[in-house]
Amino acid sequence: MGFRYDMRDKTGQQQAIVRTRDEEEKRREQARKDEIKCSPSPRTADFEGVLFTRKDKPLLELRVSGTAMVNGPCNLKEVKIHDWLCKTGRSFIGQVKEFEILTITSYDVLDQKLITDWKNLRREAITPENPNGQGGTIRP
C-alpha cells in the first residue's frame with residue numbers, strides 16, 4: 001500500500017486503524033471475486049436454467065425442463081425457478097470438476113426436492129459444433 005496523503009496529519013493509532021480497515025476491505029474484495037455466482041442463463045429451448053461462474057469462468061449450467069416445471073408431483077409451479085435452481089445447484093457445485101450442462105427432468109424432482117443424485121442427471125453433449133448443449137444427451 002502506498003503513502004496515503006489523507007493520513008499525513010493523523011496519529012499513529014489512527015493510521016493503524018485505517019490500515020487495518022484497508023486490509024479488511026482488500027480481503028472482502030478478494031472473497032467477492034472468488035465466490036461462485038449464480039445467474040439466469042438464456043432460454044433457448046423448453047427449459048429454464050442458471051449458470052454458475054467463478055471469476056467469470058463458467059463452472060456449470062443447471063437446467064430444469066418445462067415438463068418438470070408444470071408437473072404436479074414436482075411442485076415447481078409456484079416456485080421462483082431460478083432461485084430454486086441456484087439453491088439446488090449450490091448443494092453439489094463443489095463436486096463439479098469441469099464445465100458441464102445438467103438438465104433436471106420431471107423424473108428427478110419430487111415435491112421441490114431433487115431425488116436423483118446429481119451424478120445421474122441428464123448431461124447435455126458439449127462439442128465444438130454444439131457448444132450450447134442442444135439436442136443429444138450423454139449419460140455417465
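Reply: Let us begin with a definition: two strands pair if DSSP finds at least two bridges between them, where strands (E, at least two residues) and helices (H or I, at least four) are DSSP runs, numbered from the N terminus. This is a predicted model, in which local features need pLDDT of at least 70 and side-chain atom pairs count only at pLDDT 80 or more, while totals for chains, interfaces and linings use all residues. Residues are numbered from 1 along each chain as its sequence is written, and side-chain values use heavy atoms, with hydrogens and water left out.

Me: Ok, what do β2 and β3 form, and how many residues are between them?
Reply: They form a hairpin with 2 residues between them, and K55 in the turn has a positive phi of about 55 degrees. The two strands run antiparallel and are joined by 8 bridges; R54, for instance, has K57 in β3 as its bridge partner.

Me: And how many bridges join β3 to β4?
Reply: There are 5 bridges between β3 and strand β4 (residues 100-104), and these two run parallel, with L62 standing opposite L102 in β4.

Me: Why is β3 largely enclosed?
Reply: Strand β3 (residues 57-65) has 7 of its 9 residues buried, so it is largely enclosed by the rest of the structure. Buried means under 20% relative accessible area, exposed means over 50%, and partly exposed lies in between (1.4 Å probe, protein chains only).

Me: Back to β2, then: is T53 buried or exposed, by the way?
Reply: T53, which lies in strand β2 (residues 47-54), is buried, with a relative accessible area of 13%. Leaving out residues up to four places away in sequence, T53 touches E35, I36, K37, P58 and L59, where contact means heavy atoms within 4.5 Å.

Me: New topic: which residues form a disulfide?
Reply: C38 and C86 do, with their sulfur atoms 1.9 Å apart, and the cut-off for a disulfide is a pair of cysteine sulfur atoms within 2.5 Å. C38 lies in strand β1 (residues 36-40) and C86 in helix α3 (residues 81-90), so the pair ties together parts that are 48 residues apart in sequence. The link is left-handed, with -85 degrees about the S-S bond.

Me: Last one: where does pLDDT stay under 50?
Reply: That is over residues 136-140, for which the model has 14 contacts beyond four places in sequence. pLDDT is the predictor's confidence in each residue, from 0 to 100, and where it is low, the predicted coordinates should not be read in detail. The mean pLDDT of the protein chain is 85, and 85% of its residues reach 70 or more.
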